[in-house]
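Good morning, and thank you for making time for this presentation. I would ask you to keep the structure in view while I speak.

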Amino acid sequence: MKLTYDEFKARFIEDFKDILPEDYSDYEVVVKRVTKNNGCVMEGISLVDTVKHESGVTPAFYLDTLYDSYIMDDKTYDEVLVNAAVSYVHAMQNKPTNITDKFIEAMDNPEMFKELVQFRLANEELNQEYLENSPHRKVQDMAIIYAISLKEAPEYSTRITNELLERVGITEEELYTAAMANLKSERITLKNMGEILVEIAEEHGMPLDHAPELPMYLLTNESKLFGSRSILNSEMLEDIREKLGENYYILPSSIHEVIVVKEGAKSPEELREIVYNINKGILDEKDFLSDNIYYYDGMLRMHDSPEIEW
């Protein structure tokens, strides 16, 4: 019989440190409630050194995600525990040095801070509370928000609040300009969905002879983190139109990537159904971006919307 979430949480907190190597004997397990994108509250777990009392950026993961793996992937409790321990040790061993120092230094150096600024796209309606205290721009049903992250380790990041912006001493306009410059230097990937199907088939031991050419593409960045921001790069959008040879739709499949579909491939109604099925069926709530579809014909806008706000 499967454990309830509370039973899983209590047992995991008790067992996690015991399964780690001896090097972590002085660490204490800390659980903290964290508000993520779309107002989703999750329980993060990390370790704190009780001897050195060092503070700063350390790897963290979420009990909610571990429990989902335990239930939905039908893994045993021990499998989840061991996998989490192995992942944590690997993250600690490969963590870039002086992450906290770099963030603190950037907060006292506006030019360095600008080099770390990145866009993020979020659903405007579901993030009202966060937006009240953060610099942002509304773009149709989305909001452009800002974060700083290390280029060598994009998984380490922090969102920019009004308080942080005031401390650094720059304006939202400067933030936007810096983030756009950084976006244009970011490597993006546009992969045909046929190639992705081949990769999935190979992962499941069912290799295909060739990759079918489909009129759909997955657009994201190299890190596959917050890759939906790629659609803010107007030059890249036009490059894609030239590559495809026609106008196209953009399906906001998550905050991390979007799907590009050639205009003649499917009707808007069919595309809306695809987005709906992704959002309601397979997408984690915290990764949701929009139920709407977008259209690019030299200008990007929400389909059927008379307004062009990009």
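I shall discuss a loop, then the nonpolar cores, and finally the packing of some helices. Please bear in mind throughout that this is a predicted model.

Let me begin with the loop. Strand E10 covers residues 248–251 and strand E11 covers 258–262, and Ser 253 is found in the loop between them.

What do the serine side chains meet in the way of polar partners? A polar atom of the side chain of Ser 253 lies 3.1 Å from the backbone oxygen of Glu 257. The side chain of Ser 254 is joined to the side chain of Glu 257 by a polar contact of 2.8 Å.

Ser 253 touches Val 258, Ile 259, Ile 278, Asn 279 and Leu 283. Ser 254 is in contact with Ser 228, Leu 283, Asp 287 and Leu 289. The contacts of Ile 255 include Asn 37, Leu 121, Phe 226, Gly 227 and Ser 228, as well as Lys 286, Asp 287, Phe 288 and Leu 289. Ile 255 and Leu 289 are 34 residues apart along the chain, yet their C-alpha atoms are separated by 5.4 Å.

In soluble globular proteins, nonpolar side chains tend to be buried together. Here the largest nonpolar core holds 46 residues, and the members touching the most others are Phe 113, Ile 160 and Ile 250. Strand E6, residues 142–150, supplies the largest share of this core, with 5 residues. Leaving aside its neighbours within four places in sequence, Phe 113 is in contact with Ala 106, Met 107, Ile 148, Ile 160, Leu 164, Val 168, Ile 170 and Leu 175. There is also a second, separate core of 23 residues, whose members include Phe 16, Leu 63, Tyr 70 and Val 89.

My last topic is helix packing. The axes of helix H1, residues 5–19, and helix H3, residues 77–93, come within 10 Å and cross at roughly 50°. H1 is therefore oblique to H3, and the crossing is right-handed. On the H1 side, the residues in contact are Phe 8, Arg 11, Phe 12, Asp 15, Phe 16 and Ile 19. Among those they meet in H3 are Tyr 77, Val 80, Leu 81, Ala 84 and Tyr 88.

How does helix H2 pack against H3, and at what angle? H2, residues 63–72, packs on H3 at about 140°, with the axes 9 Å apart. That angle makes H2 oblique to H3, and H2 passes H3 in a right-handed crossing. Leu 66, Ser 69 and Tyr 70 of H2 make this contact with Tyr 77, Val 80 and Ala 84 of H3.

Thank you for your attention.

Methods. Residues numbered from 1 in each chain as written. Predicted model: local features only at pLDDT ≥ 70, side-chain atom pairs only at ≥ 80, totals over all residues. Heavy atoms only, no water. Helix = DSSP H or I, 4+ residues; strand = E, 2+ residues; numbered from the N terminus. Polar contact = N/O pair within 3.5 Å; in protein donor to acceptor, adjacent residues only side chain to side chain. Contact = heavy atoms within 4.5 Å. Core = buried A, V, L, I, M, F, W, Y, C linked by side-chain atoms within 4.5 Å. Buried < 20%, exposed > 50% of the residue type's maximum accessible area, 1.4 Å probe, protein only. Axes fitted to C-alpha atoms, helices over the stretch in contact; angles between N-to-C directions. Parallel < 35°, antiparallel > 145°, perpendicular 65-115°, else oblique. Left-handed = near helix turned anticlockwise from the far one by under 90°.
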